[in-house]
Amino acid sequence: MTSPPPPDDDAWIRSYHRLLPQSQSLLSSHRSVIPVAISRVNQFDAARLDVEMSAMLKEQLVKVFTLMKPGMLFQYEPELDAFLEFLIWRFSIWVDKPTPGNALMNLRYRDERVAEQLGKVRTGLEGPGLTAPQKICYCLASVGGQYLFSRLQSFSAFRRWGDSEQRPLTRRLWTVIQRIEGIYKAASFLNLLSFLYTGRYRNLIEKALSARLVYRSPHMNRSVSFEYMNRQLVWNEFSEMLLLLLPLLNSSAVKSILSPFAKDKSSSTKEDTVTCPICQLDPAIPFIALPCQHRYCYYCIRTRCTSAASFRCLRCNEPVVAIQREGVPSGK
């Protein structure tokens with residue numbers, strides 16, 4: 001068998017030029033942004049961390065005005081909140097940096113309109129940040145809109161626009177405010193359902209501005225420790241269990257059970273039998289419990305016998321069937 005003749009020297013070049021249009025057409029059909037799944041938990045955690053950061057800044061700022069007139073800062077609380085939100089926006093989003101919550105969750109804002117037109121993608125996270133108009137609109141909507149709405153709500157509630165005695169124009173304004181609030185809440189709920197399904201745009205502002213949260217670095221995992229959260233969950237559940245069980249326990253019976261372990265019987269003194277076991281004081285009006293003959297204050301033992309039908313003596317755990325004043329014969 002004879003071997004085939006070797007190809008020409010320019011055969012590879014001709015093949016390259018012949019297949020180049022096909023490869024370019026194949027790439028152009030897949031030039032859209034690679035679908036990237038951004039963790040919804042990360043996005044929600046970032047929003048919560050931003051809220052906590054704002055609360056911490058507010059707490060430190062309020063401490064500055066502790067020596068001023070009480071209640072003076074309360075009437076300017078919406079302005080204070082807007083000022084803190086503006087500071088966070090100014091030193092994060094405006095200078096193309098992530099907010100504190102986004103930085104901890106490895107997230108940043110991306111202009112989704114431009115990202116969809118990119119031709120070269122590697123990880124699907126490429127894309128420019130927000131433009132200056134988007135940043136300004138974000139500030140006006142999140143900071144200014146929230147401030148104006150809170151001020152309008154407080155002013156309308158103070159002026160009692162919703163009362164039936166008000167003028168028709170005031171009543172109409174109140175109705176319009178309530179309808180706008182209802183429409184906004186309904187739209188926010190629908191956007192939340194859309195976010196849970198697609199993982200894009202946590203709120204209406206991000207959706208209107210096409211500002212999507214994506215990972216800053218594709219090789220960086222979120223570095224969040226859940227140790228503190230787990231500790232808080234354990235203590236919360238433990239406290240709720242105690243609040244449920246403590247009212248069901250008989251404190252007198254528990255004390256009587258634990259008293260032998262708390263104090264040695266050999267160390268008991270005369271003072272232990274003289275003082276009232278409830279208030280630990282010398283009884284002003286001494287009464288004794290029958291039939292065990294232990295001394296109590298009249299008010300202490302009367303209160304316990306009234307509140308508990310089967311009260312037991314705190315010293316001997318015997319049921320108290322009656323009480324009588326000390327020194328008075330039982331027949332009188």
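Q: Which strand is Arg-325 found in?
A: Arg-325 is in β5, the strand that covers residues 322-325.

Q: And what does Arg-325 touch, leaving out residues up to four places away in sequence?
A: Its contacts are Ile-285, Pro-286 and Phe-287. Pro-286 sits 39 residues from Arg-325 in sequence, yet the two C-alpha atoms are 6.2 Å apart.

Q: Zooming out, how many helices and strands does the chain have?
A: There are 12 helices and 5 strands. The chain has 332 residues, and 24% of them are buried. Taking contacts between residues at least 6 apart in sequence, 57% join residues at least 24 apart.

Q: What's the mean pLDDT of the chain?
A: The mean is 79, and 79% of the residues reach 70 or more.

Q: Which elements have the lowest and the highest mean pLDDT?
A: Helix α11, residues 270-274, has the lowest at 61, while α8 has the highest at 92. Where pLDDT is low, the predicted coordinates should not be read in detail.

Q: Good to know. Switching to pockets: what volume does the largest one have?
A: The largest pocket comes out at about 980 Å³. Its lining has 28 residues, and the closest to the centre are Tyr-138, Ser-142, Gln-146, Asn-203 and Ile-205.

Q: Which elements give two or more residues to that lining?
A: Those are α2 (40-64), α3 (77-90), α6 (132-159), α7 (168-198) and α8 (204-209). Helix α6 has the largest share, with 7 residues.

Q: How does the lining divide into nonpolar, polar and charged residues?
A: The lining residues of the largest pocket are 15 nonpolar, 8 polar and 5 charged.

Q: New topic: how many disulfides does the structure hold?
A: It holds 0 disulfides.

Q: Are Cys-279 and Cys-316 buried, partly exposed or exposed?
A: Cys-279 is partly exposed at 30% relative accessibility, and Cys-316 is partly exposed at 29%.

Q: Now the backbone. Which residues does the cis peptide bond at Pro-291 join?
A: The cis bond joins Leu-290 and Pro-291, with omega about 15 degrees. Pro-291 lies in the loop between β3 (286-290) and β4 (294-297).

Q: What about the phi of Asp-96?
A: Phi of Asp-96 is near 60 degrees, a positive value in a residue other than glycine. Asp-96 is in the loop between α3 and α4 (100-104), and it is exposed, at 57% relative accessible area.

Q: And the phi of Asn-317?
A: Phi of Asn-317 is positive too, near 65 degrees. Asn-317 lies in the loop between α12 (298-307) and β5, and at 31% relative accessibility it is partly exposed.

Conventions: Residues are numbered from 1 along each chain as its sequence is written. This is a predicted model: local features need pLDDT of at least 70, side-chain atom pairs count only at pLDDT 80 or more; totals for chains, interfaces and linings use all residues. Side-chain values use heavy atoms; hydrogens and water are left out. On a 1 Å grid over the protein atoms alone, a cavity is a set of points where a 1.4 Å probe fits but cannot get out, and a pocket is an open set with protein on both sides within 12 Å along at least five of seven lines; lining residues have an atom within 4 Å of a point. Grid points are joined across faces, edges and corners, and a volume is the space filled by probe spheres set on the points. Helices (H or I, at least four residues) and strands (E, at least two) are DSSP runs, numbered from the N terminus. Ala, Val, Leu, Ile, Met, Phe, Trp, Tyr, Cys and Pro count as nonpolar, Asp, Glu, Lys and Arg as charged, and the others, Gly among them, as polar. A disulfide is a pair of cysteine sulfur atoms within 2.5 Å. Buried means under 20% relative accessible area, exposed over 50%, partly exposed in between (1.4 Å probe, protein chains only). pLDDT is the predictor's confidence in each residue, from 0 to 100. Contact means heavy atoms within 4.5 Å.
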